Amino acid sequence: MLLKSLNLQNFRNLKNTKIDFIKKETVLIGDNAQGKTNLLESIYFLSTGKPIKTESDEEVIKFGESSVNVEGVVENEEKSEITISTIIQKVEESLRKRFLV
């Protein structure tokens, strides 16, 4: 599978971020603490439903927000595009996690 695009809402320090991957190779360049590692973690989170840096799902939600949504469009071997999402919402005193395909 090939990741074609990534849409992030409230993932760590990335408020509303959309990236279209035009080529098979992508290089991330930037100063420290600008979100490069968080972008990579969001791809892992989309793929596995788990954060890399912590055991707590709540820590991937941007501070002051009540939900996170990581959505990706992937292209399968047949060249069909599939949209997948991992969503976490704070609901009262708990978290609600959903996976959508």
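This report walks through a pocket, a nonpolar core and a few individual residues of a predicted model.

## Ground rules

Residues are counted from 1 along each chain as its sequence is written, and side-chain values rest on heavy atoms, with hydrogens and water left out. Because the model is predicted, local features need pLDDT of at least 70 and side-chain atom pairs count only at pLDDT 80 or more, while totals for chains, interfaces and linings use all residues.

## The largest pocket

Let's start with the largest pocket, which has a volume of about 150 Å³. A pocket here is an open set of points on a 1 Å grid over the protein atoms alone, where a 1.4 Å probe fits, with protein on both sides within 12 Å along at least five of seven lines; lining residues have an atom within 4 Å of a point. Grid points are joined across faces, edges and corners, and the volume is the space filled by probe spheres set on the points.

The lining is made up of L2, L3, F21, K23, K24, E25, T26, L28, L39, L40 and I43. Two elements give two or more residues to it: strand 1 (2-11) and helix 1 (36-48). Helix 1 gives the most, with 3 residues. Both kinds of element are DSSP runs numbered from the N terminus (helices are H or I, at least four residues; strands are E, at least two). By class, the lining holds 7 nonpolar, 1 polar and 3 charged residues. Ala, Val, Leu, Ile, Met, Phe, Trp, Tyr, Cys and Pro count as nonpolar, Asp, Glu, Lys and Arg as charged, and the others, Gly among them, as polar.

## The nonpolar core

The largest nonpolar core has 13 residues, and L6, L8, F11, V68 and V70 touch the most other members. Strand 1, helix 1 and strand 3 each supply at least two residues of this core. Such a core is a set of buried Ala, Val, Leu, Ile, Met, Phe, Trp, Tyr and Cys residues joined through side-chain atoms within 4.5 Å. Buried means under 20% relative accessible area, exposed over 50%, and partly exposed in between (1.4 Å probe, protein chains only).

Beyond its neighbours within four places in sequence, V68 is in contact (heavy atoms within 4.5 Å) with Q9, N10, F11, V60, I61, T86, I87 and I88.

S42 lies in helix 1 and counts as buried because its relative accessibility is 0%. Setting aside residues up to four places away in sequence, S42 touches L6, L8, F11 and V70. A polar atom of the S42 side chain also lies 2.6 Å from the backbone oxygen of L39. A polar contact is a pair of N or O atoms within 3.5 Å; within protein, one must be able to donate a hydrogen and the other to accept it, and residues adjacent in sequence count only if both atoms are side-chain atoms.

Y44 lies in helix 1 too, but at 34% relative accessibility it counts as partly exposed. Leaving out neighbours within four places, Y44 is in contact with G49, K50, P51 and I52.

## Loop residues worth a look

N76 sits in the loop between strand 3 (67-75) and strand 4 (81-91), and is buried at 13% relative accessibility. A polar atom of the N76 side chain lies 2.9 Å from the backbone nitrogen of S80.

R12, in the loop between strand 1 and strand 2 (14-20), has a positive phi of about 50° although it is not a glycine. R12 is buried, with a relative accessible area of 15%. E92, in the loop between strand 4 and strand 5 (94-100), has a positive phi near 50°, yet E92 is exposed at 78% relative accessibility.
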